[in-house]
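Please look through the model below with these points beside it.

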Amino acid sequence: MKIKKGYTLTHVSNEHILLPSGEDMVRFDRLIHINDIGCFLFEKLLDDITKEDLVGHVLSQYDIDEKTARNDVEAFINQLQKQGIIDE
């Protein structure tokens, strides 16, 4: 899975904001704010990657247990899927 083309991550006043461009800009009615782990995952999702690999990256980067890492990855991916931002 990976982020669809046309989405960029920007940093404004210590916040991470996901912005669409082109045709996708028309269907968005609000900005998408993401946390530090979401920002980390977004960067990893710029290339094709599996959920398991994402969980592994989170575990190597953050001091959290596997269950928390898995839940965070799953929640982030689900949110991106609902918004149509991710290709499977």
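1. The side chains of Lys51 and Glu74 form a salt bridge, with N and O 3.1 Å apart. A salt bridge here is a side-chain nitrogen of Lys or Arg within 4 Å of a carboxyl oxygen of Asp or Glu. Lys51 belongs to helix H3 and Glu74 to helix H4, 23 residues apart, and the pair links distant parts of the chain. Helices (H or I, at least four residues) and strands (E, at least two) are DSSP runs, numbered from the N terminus.

2. This is a predicted model, in which local features need pLDDT of at least 70 and side-chain atom pairs count only at pLDDT 80 or more, while totals for chains, interfaces and linings use all residues. Residues are numbered from 1 along each chain as its sequence is written, and side-chain values use heavy atoms, with hydrogens and water left out.

3. Buried means under 20% relative accessible area, exposed over 50%, and partly exposed in between (1.4 Å probe, protein chains only).

4. The salt bridge count is 3. Glu52 pairs with Arg70, the closest N and O atoms being 2.7 Å apart. This pair also links distant parts of the chain, with Glu52 in helix H3 and Arg70 in helix H4, 18 residues apart. Arg70 is partly exposed, at 29% relative accessible area.

5. Glu66 forms a salt bridge with Arg70 too, with 2.7 Å between the closest N and O atoms. Both residues are in helix H4, 4 residues apart, which is about one turn of the helix. Through shared partners, salt bridges join Glu52, Glu66 and Arg70 into one network.

6. Which residues of H3 are buried? They are Leu54, Val55 and Val58. Viewed down the axis of H3, the buried residues fall within an arc of 100°, so they line one face of the helix. The arc is that of the directions from the helix axis to the C-beta atoms. H2 and H4 are among the elements that cover these residues.

7. The largest nonpolar core has 24 residues, and Leu41, Leu45 and Leu80 have the most contacts inside it. Such a core is a set of buried Ala, Val, Leu, Ile, Met, Phe, Trp, Tyr and Cys residues joined through side-chain atoms within 4.5 Å. At least two core residues come from each of strand E2 (7-12), strand E4 (32-34), helix H2 (36-44), helix H3 (51-61) and helix H4 (66-83). Leaving aside residues up to four places away in sequence, Leu80 touches Ile3, Leu18, Leu45, Ile85 and Ile86; contact means heavy atoms within 4.5 Å.

8. The model has 1 aromatic pair. The rings of Phe40 and Tyr62 have centres 5.6 Å apart and planes at 90°, so the pair is edge-to-face. Rings of Phe, Tyr and Trp (its six-membered ring) pair if their centres lie within 6.5 Å; planes under 30 degrees apart count as stacked, over 60 as edge-to-face and the rest as tilted. Phe40 is buried, with a relative accessible area of 15%, whereas Tyr62 is partly exposed at 25%.
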